[in-house]
Amino acid sequence: MCYTRCGEAYFTVYKGLLIQQGIQNIPCLRVDGFMAWNVNNDKCLRCGGCVSVCPTAALELRDNVIHDEKLCTLCGVCEKACPVEAIKVTKP
Amino acid sequence: MRRVRKSLPSRGDKGDETMNDVIVIGAGPAGTACAKKLAEEGFSVKVYDKRAEIGAPKRCGEGLSEASQAFVGKIPDRCIAQKIKGARLYAPDGRYLDAILSSGGFVLERKVFDKWLAEEAVKAGAAVQANTFISDLVKDERGYFAGVKGEFLGNEFEEKARVVVCATGAESPLRNKALGVFSKLNSIDSCIQYEMTNVDVVPDLIHIYLSGVLAPRGYVWVFPKGEHRANVGLGIIPQDKKPGAYMDEFLKLHPEISKGSILEVNAGCVPVGGMAKDMVANGFVLCGEGANHVNPIHGGGIKEAVLSGQMAADVIAECLKKNDISKTALSKFNDVWWKERGNHLKRVEKLRETLEKLSDADLNDLVDALKPEDIIEFARGAKLSVLAKVLMRKPRLVSIARHLL
Ligand SMILES: Cc1cc2nc3c(=O)[nH]c(=O)nc-3n(C[C@H](O)[C@H](O)[C@H](O)COP(=O)(O)OP(=O)(O)OC[C@H]3O[C@@H](n4cnc5c(N)ncnc54)[C@H](O)[C@@H]3O)c2cc1C
Ligand code: SF4
Ligand code: SF4
């Protein structure tokens, strides 16, 4: 499910999966990887630094860092704070 | 399928059997200090911590002044890795001065220390449970915070309390969900630390290296832990170049340290400012590092966490006795904390903001011009006018110095 809700996307069903696409020639930023939040669990030291700076409470530290796409605005603050380059926030 | 377990019966004698007076989230120094005081007052208190082992992994340089025992209590020897006399402060050019503390200090073993604090809380009558993740807060029909949702060994549970204390440190979104508190990016230091062995440093001093090149805005620390062990760490203003890269550069310059081996790697973001203005809601109190109650100049948070937890406990006890746990009643904690600690830490934050504007050359001159006693006073946020006077000798620094006055 898309939580960005840019209003530019529509959904199609492909091989039984709900796929999100851009309208006409506008690509969907999330699906096409232009906008994304990723954590590398091999690098992450479970320090919680990213959680402490997230303005929208989108992160939580359990065994791994848990990311709530619904709340994340892809502001990139967590990526800056992380002491070990474990987070990558991709923006267009 | 997950079973939803009924809450454990409380050991308290007041009212409803399954109702705790207080649930504390987090068994760090703030949480256990708060729980201990409340239990001593006769309230039923339960402390939950998500860590499988309380205190581990550590996220701390483990330095604490001996004077802190006045409120932490007499720290048993098993919690102390190394006794220290004071701090050796290195200017960027390598010159140093020794600031000797009148009563000395400790490098602790946090894994043992935090457990001891938890034991003290249990002795006073509180219940502590590790490995229990608190996932959410629960409100009652009045809209007051009135309990928590948690998980222990795969079993989810919900448990009620008259007051919920959030002592989770900065690492939990609960403080943000309840009060909108989080750390601003420019108010944290991004840190990495290696616990090393086979390191050669003067063992009874903590070593602090100031340098805008080695650790922009922050500093490098080497805290000896006895028998050639030491916590070697650094904190910097968050940026694209990560603390690990700075650490490599520091180690290259210090063969007496880099010859050692790394036993443990810790990371963390320590708040160095931005203390929360409002720490209470109806039935809810935030204390400790979660409220950014940390000394902004050196990032020391153990003492502030304990003080903050204890002050919170005093106010909560008073409110529970009066049976008024509204935000208005609990907001006495805001008043007390800001009066006793906040205004003081605010001055320290100003000092930090001043120092971060100085170049390495300025820092060299400063270390030259200052007396060791002054340094100790500065770290406490006192005698800042002395520092301002030293800075004012350079016309370029006059405006920076004014910020202090
Ligand atoms: C690299 C580094 C070095 C430091 N060095 C020093 C130093 O030398 N001296 C010093 O005094 N201070 C130092 N500090 C700061 C100090 O460690 C903290 O400020 C202090 O531990 C804060 O205490 P606290 O009780 O508020 O929080 P914490 O000690 O962080 O305790 C919070 C507890 O809450 C638990 N918790 C969090 N979320 C949940 C949840 N959802 N459910 C259940 N439990 C939860 C955590 O597991 C944790 O045990 C350092 C910090 C860092 C990052
Ligand atoms: S990008 Fe911003 S909003 Fe998203 S998780 Fe990181 S800090 Fe939170
Ligand atoms: S700040 Fe980085 S290392 Fe720390 S928990 Fe977040 S992703 Fe992991």
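Modeller: B:R78 is partly exposed, with a relative accessible area of 47%; buried stands for under 20%, exposed for over 50% and partly exposed for what lies in between, using a 1.4 Å probe and protein chains only. This is a predicted model, in which local features need pLDDT of at least 70 and side-chain atom pairs count only at pLDDT 80 or more, while totals for chains, interfaces and linings use all residues. Residues are numbered from 1 along each chain as its sequence is written, chains are lettered from A and ligands numbered from 1 in the order in which they are written, and side-chain values use heavy atoms, leaving out hydrogens and water.

The partner of B:R78 is B:E119, and their side chains meet in a salt bridge of 3.5 Å, N to O. A salt bridge here is a side-chain nitrogen of Lys or Arg within 4 Å of a carboxyl oxygen of Asp or Glu. B:R78 sits in the loop between helix 2 (69-72) and strand 5 (80-90) of chain B, whereas B:E119 belongs to helix 3 of chain B, so this pair links distant parts of the chain, 41 residues apart. Helices (H or I, at least four residues) and strands (E, at least two) are DSSP runs numbered from the N terminus. B:E119 counts as partly exposed as well, at 36% relative accessibility.

Moving on to B:E120, this residue forms a salt bridge with B:K36, and the closest N and O atoms are 3.8 Å apart. B:E120 lies in helix 3 (residues 110-124) and B:K36 in helix 1 (residues 29-40) of chain B, so the pair ties together parts that are 84 residues apart in sequence. B:E120 is buried, with a relative accessible area of 18%, while B:K36 is partly exposed at 24%.

Helix 3 of chain B also holds a pair within itself: B:R110 and B:D114 both lie there, 4 residues apart, about one turn of the helix. The closest N and O atoms of their salt bridge are 2.7 Å apart. B:R110 is buried at 12% relative accessible area, and B:D114 counts as buried at 4%. Elsewhere, salt bridges that share partners join B:K58, B:E62, B:E109, B:K111, B:E195, B:K225, B:R229 and B:E264 into one network. Over all chains, the count comes to 37 salt bridges.

For the setting, chain B has 13 helices and 17 strands. Its C-alpha trace spans about 65 × 45 × 40 Å along the principal axes. Of the 405 residues of chain B, 58% count as buried. An automatic or database domain assignment sets the bounds of its domains: domain 1 (20-56 + 111-183 + 274-349), domain 2 (80-107 + 185-271) and domain 3 (357-404). The centres of domain 1 and domain 3 of chain B, taken over C-alpha atoms, are 36 Å apart. Between these two domains, 6 residues of domain 1 are in contact with 4 residues of domain 3, contact being heavy atoms within 4.5 Å.

B:N364 is buried, with a relative accessible area of 14%. Leaving aside neighbours within four places in sequence, B:N364 is in contact with B:A91, B:P92, B:D93 and B:R95.
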